[in-house]
Amino acid sequence: MKKAWWLLSLFPILLKRKQQQQQFVKAHFAKQLSCIQSTNQQLYNKLLYYSTWGVVSISEVFAHVHHRDLSQSERFNSSALSLLYALADEMVDHMQLSKTETLAFINGKPSTDFSINWAQELLQHLKDTLPAATYLTDAIQAQVNSSDQNTEKDINSIRALTYKKGSATMLLYRLLVNSPISDKEQEAVLQLGYTLQLADDIIDAYDDTAEKIHTTANTTDLISVAQYFKKQSEISQQLYFDCYGKSGISEKEFLNFELLFGISNLAVKRFTKIGIATFSPEQISKNKRSKFIIDMENPIDAFKALWTTIKS
């Protein structure tokens, strides 16, 4: 019952945090976002989405479990990281650049494309900010290497690529919160990053399948996907509470992750109801995209996700 009340109270809090964070991003990156919006509304929407939820659902959580709020500089840096990831994702998935070309641009090759130039600026800012720039280099390399999933079909290889991408990203978010990090916390952070990347793969299964991107969610059967995700979620929970202990603060903050897990579990249920046993372009073409998408700003979808989380 306590978990249910906490979850029900969390949702309006998240929406308020989302609004505040979006206002922060629009204020501090107004010029760049305006340039993107004038030419690419879809990328603009992606930038706002990444820079809102990346900070609200991850950076703020890490600050709170260390018993404080994000500072303005931490919020700015976490927003910059989120924006960089959205731009890197665009370069990898939609600009159709080779790995060599992508890395060349990331490493400073001149470009006439505004989004690439902005990514370079954000990357340099974060290199100057992070205590160890090698972590950023590793994370960017993992993001670029994830393009190998376009041709890779072995589930174990895909999971390895996914682990590197998800864990490296989560570690960066944690390192941008200026509190000491122990080996124990780093282990928990890496596992959380992997599990959230698995969750993201499940949520994006329709679009990734349509775009012929192989992920942990569409390379094997749905039952195996659900079982594997459940196991990794349990490992994440164990490591999280081993690290941060059991307290009102740590339990409430973990609900942010549980809600994300719940959205993915709801997606699995929805896929099962539709009759999806394995994802393939042929299978998904039989249904409208809207049947696969969970919109947390839709009250019905939000309630279903909350209910799935409460019952888990």
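How many aromatic pairs does the structure hold? The structure holds 18 aromatic pairs, where rings of Phe, Tyr and Trp (its six-membered ring) pair if their centres lie within 6.5 Å, with planes under 30 degrees apart called stacked, over 60 edge-to-face and the rest tilted. The model is predicted, so local features need pLDDT of at least 70 and side-chain atom pairs count only at pLDDT 80 or more, while totals for chains, interfaces and linings use all residues. Residues are numbered from 1 along each chain as its sequence is written, and side-chain values use heavy atoms, with hydrogens and water left out. The count of salt bridges comes to eight, a salt bridge being a side-chain nitrogen of Lys or Arg within 4 Å of a carboxyl oxygen of Asp or Glu.

**Aromatic pairs and cluster**

- Tyrosine 194 and tyrosine 228 form an edge-to-face pair, at 6.4 Å centre to centre and with 75° between the planes.
- Tyrosine 194 lies in helix α9 (residues 183-203) and tyrosine 228 in helix α11 (residues 222-244), so this pair ties together parts that are 34 residues apart in sequence; helices (H or I, at least four residues) and strands (E, at least two) are DSSP runs, numbered from the N terminus.
- Tyrosine 194 counts as buried because its relative accessibility is 3%, and tyrosine 228 counts as partly exposed because its value is 23%; buried means under 20% relative accessible area, exposed over 50% and partly exposed in between, with a 1.4 Å probe and protein chains only.
- Phenylalanine 254 and phenylalanine 261 make another edge-to-face aromatic pair, with 6.3 Å between centres and 75° between the planes.
- Phenylalanine 254 is buried at 1% relative accessibility, and phenylalanine 261 is buried with a relative accessible area of 7%.
- One aromatic cluster is formed by Phe62, Phe229, Tyr240, Phe241, Tyr244, Phe254, Phe257 and Phe261.

**Charges over rings**

- Arginine 159 sits over the face of tyrosine 228, at 3.6 Å from the ring centre; the rule asks for NZ of Lys or CZ of Arg within 6 Å of the ring centre and within 35 degrees of the ring normal.
- Lysine 109 lies over the face of phenylalanine 105, at 5.0 Å from the ring centre.

**Salt bridges**

- Arginine 17 and glutamate 60 meet through their side chains in a salt bridge of 3.5 Å, N to O.
- This pair links distant parts of the chain, with arginine 17 in helix α1 (residues 2-28) and glutamate 60 in helix α3 (residues 41-65), 43 residues apart.
- Both arginine 17 and glutamate 60 are buried.
- Arg17 and Glu60 are also linked with Arg75 in a network of salt bridges.
- Lysine 46 and glutamate 90 form a salt bridge through their side chains, at 3.3 Å, N to O.
- Lysine 46 lies in helix α3 and glutamate 90 in helix α4 (residues 72-93), so the pair ties together parts that are 44 residues apart in sequence.
- Both lysine 46 and glutamate 90 are buried.
- The side chains of arginine 174 and glutamate 185 meet in a salt bridge at 2.6 Å, N to O.
- Arginine 174 is buried, with a relative accessible area of 0%, and glutamate 185 is buried at 2%.

**Helix α12**

- Helix α12 (residues 248-274) has 27 residues and should span 39 Å at 1.5 Å a residue, which agrees with its end C-alpha atoms being 39 Å apart; the expected span is 1.5 Å times one less than the number of residues.
- A kink of about 30° in α12 is centred on asparagine 256, the bend at a residue being the angle between axes fitted to the seven residues ending there and the seven starting there.

**Positive phi outside glycine**

- Histidine 67 is not a glycine, yet its phi is positive, near 65°.
- Histidine 67 is found in the loop between α3 and α4 and counts as exposed at 61% relative accessibility.
- Lysine 212 has a positive phi of about 60° although it is not a glycine.
- Lysine 212 is placed in the loop between α10 (205-210) and α11, and it is exposed, with a relative accessible area of 61%.
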